[in-house]
Amino acid sequence: MTEQSQSAIVVEGLAKSFPGVRAVDALSFDVRVGEIFGLVGPDGAGKTTTLRMLAGIMPSDAGTATVAGFNVALDPEGAKHSLSYMPQRFGLYEDLTVEENIRFYADLFGVRATERNLRSTQLLDAAGMSEFRMRLAGKLSGGMKQKLGLVCALIHRPKVILLDEPTTGVDPVSRRDFWRILYELVAEGVAILTSTAYLDEAERCHRVALMHQGKLLFCDTPVNLKANMGKGVLSIIAAEPRRVRNELKDAEGISSVLLTGDGVHIVVDDAARRIPEFEARLKHAGISFDAILKVAPSIEDLFVDAVSAGVATHA
Amino acid sequence: MSLTRLLAVARKEVVQILRDSRSLMIVIVMPAILVILFGYGVNLDLKGMPVYVLDRDGSQQSQDLLKHFQNSEYFHISRVVTDYAELTRALDDGHAKMGIVIPWDFSQRLRDGRLIEVQALVDASDDNTANVLIGYTQAVVQNYSAQVQIDWLRQRGLAIQPAAMSVETRTWYNEDLESSAFIIPGVLALVMSVIGAFLTSLTIAREWERGTMEQLISTPVTAMEIMLGKLAPYFVLGMLDTIMTALIAIYWFHVPFRGSWITLMIASAMFLVVVLSLGFLISVLAKNQFAASQIALLVTFLPAFLLSGFLFSIEQMPIVLQGITRILPARYYVSVLKKIFLKGTSTSMLYADLIPLTIFTFVLALAATRSFHKRLE
Amino acid sequence: MPDVSNAVTVESLVKRFGDFVAVDKINLEVRKGEVFGFLGPNGAGKSTTIRMLCGLLKPTSGRATVAEFDVSKNPEAVRQNIGYMSQKFSLYNDLKVIENLRLFAGLYSVPSKSLTSRIEWALQMANLKGQENLITGTLPGGWKQRLALGCAVLHKPPIIFLDEPTSGVDPITRRQFWDLIHQMAEEGITAFVTTHYMEEAEYCNRLALIFRGRIVALGTPSELKRNSMSGELLLVECAPLGAAVEALQSASGVMDAAVFGNALHLVVRDAAVAVPQLEKFLAGRNITVSRMEKIRPSLEDVFVSITTNEEVSK
């Protein structure tokens, strides 16, 4: 990529605790200009807390965070002119129309009327929502609400966008639309930090940080992460997946065996070596199967492997 | 401070109020209902109290006495009974508030110039009413007694002495002793409490509850802009409702208005700021709309109703409660209202009430501005 | 063929709300002990179908049997023979684990003589033995899911309905949960799962995709990836990315082109034919290609492909 590797967000040693829980534990990472950075992990991993601290609406306990050049701990309000935050829960006004919501947020960011009208038309068109201008936000579908949230977030041309699980509950087609808009944005030089509990969505990000219980497990591009996994992943399609699993679960070289609906998903140390071994074993046991294929590891495989092994690496 | 942002918040609040039928009802209908309720529904006057009479004499003179009672607008002789038991039964049932027993030798004693005792039995289960009745009765009897003495003297050709002393009562400020005039000005305080505190208490709590606050505080808008922007519409509505309620009081209920409109507006504006600040504080501190509204009612409406002097006079309250009323802003506002409406007191005479009110205004407004932080925790 | 081996049979099921047809003649069969997934976006007719199968809503026409009871004629019997685990956690957070279990045992009318043994079984299966006295609200997410599942099966129903049971839950917990479901399936309990979460769909033996009230695909996850996808999926790594995606969208043989992370995903009619063609195409526009290969579509790709076709054909 030829974009400058300037950092729009720099996080160092960020920490936050609530009674009895270390929500965020010595987190360090950076998000570059023109990049979509994914904060990935299940509920309770610390993603929302991290985003809230970066948005300047929750104080941190330790560490520093710099967003669009402003130190968020010392000057939480400073960065707000250049950033947008979309919380996990729909944050716009359901009793206001699409147009009224946009106008409200435009005014809050000091966007002048002419610029606002131009930009809102542009954005609503891109989102396919032009005919819904006068509709109350509460009457929009889930996917549309998220898109409206994005329009309001973009009305003032922010440099940094913070999104908390923006596609949760949204159907796959709307999800695609949403991501298309994000890709267009980064092409214009915006930095986007998004969190997701959908591990497969991590693949769509330029770089990914896997979080678990407040800590960072990995931080790198999806491609590198998979390449560095050092393990192989096999997929066996079979009519009786349970039998296959039971037969192979104690075999040598296996890190984990997962039963899927129509097969078995196995993480092994050396794919090339184990495939013939397993084929032989299954044939010997008289268990039929379609094929044993080496597949690319998914982010989920990475995650499970790391957590089970208790490993945490920094890239 | 950005005017654009402040206006944006205010505009949004107005749109939301207009689209919420419950808020609209409270703003438009409730003040009118309160005025009508208290204007017509509450009547502290005692007029035409039912009286039963047992006249054991039945003479011209006893009839004369009874006529004095009948002529008084406070009494209404509803029944003449023939035995004592019936009288007491009527008092027990509540058919009579008072019973008069005239002794069999009434006229005879009168002729002989001896002391006569007329018995009045009063239902004191409501002691306020009882006290008033007793007072009126004594007045009627004394009046009659004086009349008798004058006649007696005249009959004997003696010089009529001028009355030693008579009490001429003039009721100032509320000539007809209409209790509605006494009550209605105070209704303004109630109206303000509901609009100022109750409605406002919902505003911040609602945004937290619905999740819109989280996004709002991530924008450059300041805490002060949020506060002023949210309270401005309620201030305007409160002042409009004040004017509306005052006009209904004056033109519909004919409550006299003798003071200055400017003073009324200033005092109302101050009290409005007080209740708005309270409402805002409650909204910030309470975790949800339900709790906020309950607290608001408890802290503003209820004291305004019971302890501000609106309905129940402060001087007649136990000392402890009187002390408590001193820390109620509503007490000072109600006092100012009554003085402006009924007495036409000049503004300089109102300082005893206005100064505490001003102090409250500043203290609470300051507390409100300090209370709200753009932070999740 | 007799219906005996089917936990659920649906024949031409229709539900109309006024003029709106929410469910439009769907047919399916779920075998006993199968883990069946019902996939589709919100508003597609999923919830309406589920409600009919749970005996909560009367069908407009058509027939459905659940656990051998007809949903129209005998909804009460249906309800007594199913377990239901909802997406939003429906246990009482201020009760202890054991108290929740007892409550649900009561609600499902578990006979008192089997009460203790059933609760034991549920605790065992949910791996919560020894945790009976913990307050439900304090349990970690995964444990709550297992408890909710335990409560849903106390009355040992032959079939359970699960509504997005593991969205948001961490992958390890999710895997353990699904192991549980498969275990129960082995014991003969059928699981009917609804979700719009593709990762969950992979755990199902068979899937039905519902879109606008109709079933648009039916089969095992692999079958769907193989057969229902119109076209094949290519992964392309090249630079500059933006220019590439624009150019490719209008290239012949390319049905869809989209950015995906640091690469492009292309849907082409025939990968073998397309790869050399496109390499030439891109080279001609000064776009350097570092990688171009066929990849297996995910269920999401399949879903988008099917629904886009459905849109087009309307």
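Predicted model: local features only at pLDDT ≥ 70, side-chain atom pairs only at ≥ 80, totals over all residues.

Biologist: Is the peptide bond from C:Ala239 to C:Pro240 cis or trans?

Modeller: Most peptide bonds are trans. The bond from C:Ala239 to C:Pro240 has omega near -5 degrees. That bond is cis.

Biologist: Which strand of chain C holds C:Lys25, and what is the phi of C:Lys25?

Modeller: C:Lys25 has its place in strand β2 (residues 20-31) of chain C. Most residues other than glycine have a negative phi. C:Lys25 is not a glycine, yet its phi is positive, at about 55 degrees.

Biologist: Between which chains are the most contacts?

Modeller: Two pairs of chains touch. Chain B and chain C do not touch, and their nearest C-alpha atoms are 18 Å apart. The most contacts are between chains A and C.

Biologist: Which element gives the most to the side of chain A that touches chain C?

Modeller: Here 34 residues of chain A are in contact with 33 residues of chain C. On the side of chain A, the elements giving two or more residues are α5 (172-187), α6 (222-227), β12 (254-260) and α9 (299-309). By class, that side has 17 nonpolar, seven polar and 10 charged residues. The most, six residues, comes from α5(A).

Biologist: And which helix of chain A gives the most to the side that touches chain B?

Modeller: This contact takes 24 residues from chain A and 21 residues from chain B. The side of chain A has 13 nonpolar, four polar and seven charged residues. Four residues come from the element that gives the most, helix α2 (residues 98-108) of chain A.

Biologist: Which strands stand at the edges of the open sheet in chain A?

Modeller: Four strands form this sheet, in the order β2-β1-β4-β5, with antiparallel pairing. An edge strand has a single partner, so one side of it is left without a neighbour in the sheet. The edges are β2 (21-32) and β5 (70-71) of chain A.

Biologist: What is the bridge partner of A:Thr66 in β5(A)?

Modeller: Strand β4 (residues 62-67) of chain A runs antiparallel to β5(A). Two bridges join them. The partner of A:Thr66 is A:Asn71.

Biologist: At what angle does helix α1 of chain A run to β1(A)?

Modeller: Helix α1 (residues 47-54) lies across β1 (7-18), β2 and β4 of chain A. Its angle to β1(A) is about 120 degrees.

Biologist: Which helix of chain B has the lowest mean pLDDT?

Modeller: Chain B has a mean pLDDT of 86, and 94% of its residues reach 70 or more. Among its elements, helix α1 (residues 3-19) has the highest mean, 95. The lowest, 82, belongs to helix α6 (residues 127-155) of chain B.

Biologist: How are α9(B) and α10(B) oriented to each other?

Modeller: The axes of α9 (residues 223-252) and α10 (residues 261-285) of chain B come within 10 Å and cross at roughly 135 degrees. The crossing is right-handed. The two helices are therefore oblique to each other.

Biologist: How many charged residues has the contact of α9(B) with α10(B)?

Modeller: Residues from α9(B) include B:Met227, B:Tyr234 and B:Phe235, and those from α10(B) include B:Leu264 and B:Phe280. By class, the contact has 11 nonpolar and three polar residues. Charged residues: none.

Definitions and conventions
Residues numbered from 1 in each chain as written. Chains lettered and ligands numbered in written order. Contact = placed C-beta atoms within 7 Å. Nonpolar A, V, L, I, M, F, W, Y, C, P; charged D, E, K, R; others polar. pLDDT = per-residue confidence, 0-100. Pairing = 2+ DSSP bridges. Axes fitted to C-alpha atoms, helices over the stretch in contact; angles between N-to-C directions. Parallel < 35°, antiparallel > 145°, perpendicular 65-115°, else oblique. Left-handed = near helix turned anticlockwise from the far one by under 90°.
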